[in-house]
Amino acid sequence: MSYRFSSRSLQRLNTAHPDLVLLFTESLASPDCPSDITILEGYRSKERQNELYEQGKSQLRYPKSYHNKNPSRAVDAAPYIDGGISWSWPHYYPLADHIKSVWNRLQTEGRVTAGLRLEWGGDWKSFPDGPHWQLVG
C-alpha cells in the first residue's frame, strides 16, 4: 500500500533535522511500510516542553529534550490505523522495525549524517516512549 503524509504531518516533520525528514519520508513511501504514519511533533517550544513535563508526558524540561533543538533532533510519530492514531504497542513494533531498516539502508548508502545514531524511545527500559525517535551523536 502507498501512504502519504498529511499537510499537518509534513508541517511538523519539516521542523526536524533533515535526516529525520528523509528517514520518515522514505519510510512512509516504502511499499513495505506496515501502516500509515502521523507525525505528532517535531520541534517543541519552551512552553510546550514544560507543559508536557508538568503533565508527566516528558521527563525533561526545556531545553534538555532533543525536541528543543532547532531543527529538532527528535520526532514523535505514531501508526495511523483505521482513521486514527494508535497507542497500541503491537502496532509500534512492526513500524519501528521498518523505520530502523530504512535508517540502516540510508546509512549504508551514505545519505544521512555520519556519526549520528537513531534511537527509538520504545527501546528504553525506563519510560518507554513508542512514538519517540531521536538522533544522538
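1. Glutamate 119 has 19% relative accessibility and so counts as buried (buried is under 20% relative accessible area, exposed over 50%, partly exposed in between, with a 1.4 Å probe and protein chains only). The side chain of glutamate 119 forms a salt bridge with that of arginine 117, 3.2 Å from N to O; a salt bridge here is a side-chain nitrogen of Lys or Arg within 4 Å of a carboxyl oxygen of Asp or Glu. Arginine 117 is partly exposed, at 45%.

2. The model is predicted: local features need pLDDT of at least 70 and side-chain atom pairs pLDDT 80 or more, while totals for chains, interfaces and linings use all residues. Residues are numbered from 1 along each chain as its sequence is written, and side-chain values use heavy atoms, without hydrogens and water.

3. The structure holds 11 salt bridges. Glutamate 41, buried at 14% relative accessibility, pairs with arginine 44 at 3.1 Å and with arginine 48 at 2.9 Å. Arginine 44 is buried, whereas arginine 48 is partly exposed at 31%. Glu41, Arg44, Arg48, Glu51 and Asp76 are linked in a network of salt bridges.

4. Strand β2 (residues 74–81) has 6 of its 8 residues buried, so the rest of the structure largely encloses it. Strands are DSSP E runs of at least two residues, numbered from the N terminus; two strands pair if DSSP finds at least two bridges between them.

5. β2 runs antiparallel to β1 (residues 36–41), with 5 bridges, and to β5 (residues 132–136), with 3 bridges. Aspartate 36 has tyrosine 80 as its bridge partner in β2; valine 75 stands opposite tryptophan 133 in β5.

Technical notes: Helix = DSSP H or I, 4+ residues; strand = E, 2+ residues; numbered from the N terminus.
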